[in-house]
Amino acid sequence: MTAFAGLHRADEPLLLPNAWDRASALSLAARGFPAIGTTSLGVAASAGLPDGAAATRELTLRLARVLGSQPFLLSVDAEGGFSEDPDEVAEFARRLWEAGARGINLEDGLGPPDRHAAKITAVKSAAPGLFVNARTDTYWLGDGDVTRTLRRLDLYQQAGADGAFVPGLTEPEAIAALVEHLDAPLNILYSPAGPTVSHLADLGVRRISLGSLLYRVALGAAVEAMAAVADGRTPRGAAPPYAEVQALSAQEGTASGVSRRT
């Protein structure tokens, strides 16, 4: 069992914050989170690209190379693997592993489950140590049909998935039933309107992801701060000092000698 896989079997569920660049990842890691995920929406939106359209393959790999050597365990949101060809997805996963990633999120997008299962099998063959979190979108994009959800997750487990991810699922009874049914640890996407972290832990959830929430909160906070300045008020909320952000953002060895800017 890898260290990242072990976090899914610990006494407490893995609370996984999702970052979109080096500064956000290191800031979160500095608060003591042992693992950091990436958010496909944050990566895509930061580059002016659509999420879920397989448009950020190289950006995602580049970010993995930046974060993979940092002192935390990295899991990468890879949409559907940026290809429908299992071999191409496997090659991408292998490159993520070489970059230092220890987990990968693969979503089925409600596409053919056999094809998604083939991607999972190919990834586990190419990078056996990579923790494959198999996501089904039956609740996120579909009608939340329980039978279809179980059928897909069973297939993904048989294909070699290490974890099961069902974003959009917030009903406690349904969550508990999935935990009981699955052999793989269940990952739930945190929702402010859903169960609390402690409630999810009581239900048996082993991983709680934040998805794009932190990125969206950051955008909202920026707009609120600007509105406060425009209204003659002092912006509220924490704002890390310039030097701290500069140190977080710059690659090692590139920050020295840079003139101070506002």
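Is Val229 buried, exposed or partly exposed, and what is its relative accessibility? Point 7 returns to this residue, after the whole chain has been described.

1. Basis of the note. The structure is a predicted model, in which local features need pLDDT of at least 70 and side-chain atom pairs count only at pLDDT 80 or more, while totals for chains, interfaces and linings use all residues. Residues are numbered from 1 along each chain as its sequence is written, and side-chain values use heavy atoms, with hydrogens and water left out.

2. Overall form. The protein contains eleven helices and nine strands, where helices (H or I, at least four residues) and strands (E, at least two) are DSSP runs, numbered from the N terminus. Its radius of gyration is 19 Å, close to the 18 Å that the globule rule gives for 262 residues, so the protein is as compact as a globular protein of that length. That radius is taken over C-alpha atoms, and the globule rule is 2.2 Å times the number of residues to the power 0.38. Along the principal axes, the C-alpha atoms fill a box of roughly 55 × 35 × 35 Å.

3. Of the 262 residues, 45% are buried; buried means under 20% relative accessible area, exposed means over 50%, and partly exposed lies in between (1.4 Å probe, protein chains only). The accessible surface comes to about 12900 Å², and 53% of this belongs to carbon and sulfur atoms; such areas come from the Shrake-Rupley method with a 1.4 Å probe, and for residues only the protein chains shown count as cover. There are 23 positive and 30 negative side chains, and the centres of the two sets lie 7 Å apart. In this count Lys and Arg are positive and Asp and Glu negative, with His and the chain ends not counted, and the place of a charge is taken as NZ of Lys, CZ of Arg, CG of Asp or CD of Glu.

4. Contacts and cores. Contact means heavy atoms within 4.5 Å, and among contacts between residues at least 6 apart in sequence, 64% join residues at least 24 apart. A nonpolar core is a set of buried Ala, Val, Leu, Ile, Met, Phe, Trp, Tyr and Cys residues joined through side-chain atoms within 4.5 Å. The largest such core has 51 residues, and those with the most contacts inside it are Leu96, Ile104, Leu169, Ile175 and Leu186. Apart from that core lies another, of six residues, among them Ala5, Leu14, Leu16 and Phe131. Leaving aside neighbours within four places in sequence, Leu186 is in contact with Ala164, Val166, Ile175, Leu178, Val179, Val205, Arg206 and Arg207.

5. Two residues with positive phi. Glu79 is in the loop between strand 4 (73–77) and helix 5 (86–99), and Phe82 is also found in the loop between strand 4 and helix 5. Although Glu79 is not a glycine, it has a positive phi of about 50°, and Phe82, again not a glycine, has a positive phi of about 65°. Glu79 is buried, with a relative accessible area of 3%, and Phe82 is buried too, at 10%.

6. Buried positions in two helices. Ala25 is found in helix 2 (residues 22–30) and is buried, with a relative accessible area of 0%. Leaving aside neighbours within four places in sequence, Ala25 is in contact with Ala19, Ile36, Leu67 and Phe72. Gly42, in helix 3 (residues 40–46), is likewise buried at 0%, and beyond its neighbours within four places in sequence it is in contact with Trp20 and Tyr215. Gly42 and Asp21 are 21 residues apart in sequence and 8.5 Å apart in space, C-alpha to C-alpha.

7. Val229 lies in helix 10 (residues 213–230), and the opening question can now be answered: at 46% relative accessibility, Val229 counts as partly exposed. The C-alpha atoms of Val229 and Arg57, which are 172 residues apart along the chain, are separated by 38 Å. Gly211 lies in the loop between strand 9 (207–209) and helix 10, and is buried, with a relative accessible area of 17%. Not counting residues up to four places away in sequence, Gly211 touches Asn18, Thr39 and Leu189.
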